[in-house]
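I opened this notebook to record what I looked up in the structure. The entries follow the order in which I consulted the model.

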Amino acid sequence: MYCGKCGTENTENASFCKNCGERLKGVQRPASSRSGENRTIEKLQTQHRQQPAANIRSKKRNRRTFIPVVVVVLLLLAAFMLFGGRSYKATIDQFVDAQFRADAAAIFNLIPDEYIDYTLEEEGYDRDDFNDLLREVDKSIQDQLDTIKGYLGENWSVSYEIVRVEDIKGDTLKEFKKAYRTKDVKISGAKFAEVEITITVDERDASFWQDISLIKVGRSWYLDVDSMGSLFWNG
């Protein structure tokens with residue numbers, strides 16, 4: 001029996017190595033044979049350790065390539081959730097601009113589709129009649145523009161400033177929501193804005209005020225035509 005620690009040959013019935021005193025645990029092969037086996041095992045273990053390391057490096061490279069793409073997507077998604085949709089200022093800007101271009105289609109784009117569909121149905125119209133309605137609104141706006149041009153001529157410019165903005169809250173907002181719910185429009189907020197519109201001609205200015213009510217549907221702000229009554233100038 002060979003000692004597993006020092007390789008010394010002992011008698012078959014020995015319990016401890018006569019050379020180093022190590023406890024003997026059964027038949028052992030000579031140390032030279034074990035050394036060769038150990039070297040083979042160590043070589044295989046080394047290869048095994050190296051292979052996962054290569055895989056890890058490959059995965060890390062893939063992860064470094066993938067992470068920036070994920071970050072960009074998440075940032076874009078967050079930006080959309082926080083800032084997506086049309087702001088109330090953009091709605092006011094588009095409305096004022098559309099009036100002075102006599103662009104009824106641009107104005108109707110600022111009204112929720114559900115509201116338009118409901119109103120058309122209530123008045124006995126359908127989408128096929130919508131173009132005729134747009135032409136009527138275009139004519140109404142153009143008539144008012146012609147009146148302005150009659151006084152000022154063709155060489156004039158227009159600008160505007162939001163003078164006051166008020167959030168509609170509490171019971172008033174509840175009433176807004178209730179009224180629009182009957183028209184299949186779900187609103188989450190409402191504002192009232194007072195806008196000063198200035199017409200300039202030959203370095204002279206003339207100003208008038210327009211009240212614009214707004215509602216929020218989803219992430220965008222729209223015109224609150226129920227509260228505004230007339231979509232056009234108050235004079």
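**Entry 1. Terms and source**

I take a polar contact to be a pair of N or O atoms within 3.5 Å; within protein, one must be able to donate a hydrogen and the other to accept it, and residues adjacent in sequence count only if both atoms are side-chain atoms. I note that this is a predicted model, in which local features need pLDDT of at least 70 and side-chain atom pairs count only at pLDDT 80 or more, while totals for chains, interfaces and linings use all residues. Residues are numbered from 1 along each chain as its sequence is written, and side-chain values use heavy atoms, with hydrogens and water left out.

**Entry 2. Ser 220**

I looked up Ser 220 and placed it in strand 4. Helices (H or I, at least four residues) and strands (E, at least two) are DSSP runs, numbered from the N terminus. The side chain of Ser 220 reaches the backbone nitrogen of Arg 86 at 3.0 Å. Is Ser 220 buried or exposed? I found Ser 220 buried, at a relative accessible area of 15%; buried means under 20% relative accessible area, exposed over 50%, and partly exposed in between (1.4 Å probe, protein chains only). Apart from neighbours within four places in sequence, Ser 220 has contacts (heavy atoms within 4.5 Å) with Gly 85, Arg 86 and Ile 215.

**Entry 3. The strands**

I then examined the pairing of strands, which requires that DSSP find at least two bridges between them. Strand 2 and strand 3 run antiparallel and are joined by 13 bridges. I noted Leu 214 in strand 3 as the bridge partner of Lys 191. The hairpin of strand 2 and strand 3 has two residues between the strands, and Asp 202 there takes a positive phi near 50 degrees.

Strand 3 is also antiparallel to strand 4, with four bridges joining them. Here Lys 216 has Trp 221, in strand 4, as its bridge partner. These two strands likewise form a hairpin with two residues between them, and Gly 218 in the turn has a positive phi of about 65 degrees.

**Entry 4. Helix 6**

The expected span is 1.5 Å times one less than the number of residues. Which residues of helix 6 are buried? They are Leu 173, Phe 176 and Tyr 180. Seen down the axis of helix 6, the buried residues fall within an arc of 55 degrees, so they line one face of the helix. The arc is that of the directions from the helix axis to the C-beta atoms. An α-helix has 3.6 residues a turn, so residues three or four places apart point the same way.

On the other side of helix 6, I found Asp 171, Lys 174, Glu 175, Lys 178 and Arg 181 exposed. The buried residues of helix 6 pack against helix 4 (113–122), strand 2 (189–201), strand 3 (204–217), strand 4 (220–223) and helix 7 (225–228).

**Entry 5. Helix 2**

Helix 2 (residues 88–99) also has twelve residues and reaches 17 Å from its first C-alpha to its last, close to the 16 Å expected. I listed its buried residues as Tyr 88, Thr 91, Ile 92, Phe 95, Val 96, Ala 98 and Gln 99. They cover an arc of only 165 degrees around the axis, which puts them on the same side of helix 2.

Most residues other than glycine have a negative phi. I therefore recorded Ala 102, a residue other than glycine whose phi is positive, near 50 degrees, and which is buried with a relative accessible area of 13%. Ala 102 is in the loop between helix 2 and helix 3 (104–108).

Asp 184 is in the loop between helix 6 and strand 2. Its phi is also positive, near 65 degrees, but Asp 184 is exposed, with a relative accessible area of 57%.

**Entry 6. Thr 8**

I found Thr 8 in the segment before helix 1 (31–83). The side chain of Thr 8 makes a polar contact with the side chain of Asn 19, at 3.3 Å.

**Entry 7. The whole protein**

I counted seven helices and four strands in the protein. Buried residues make up 30% of the 235 residues.
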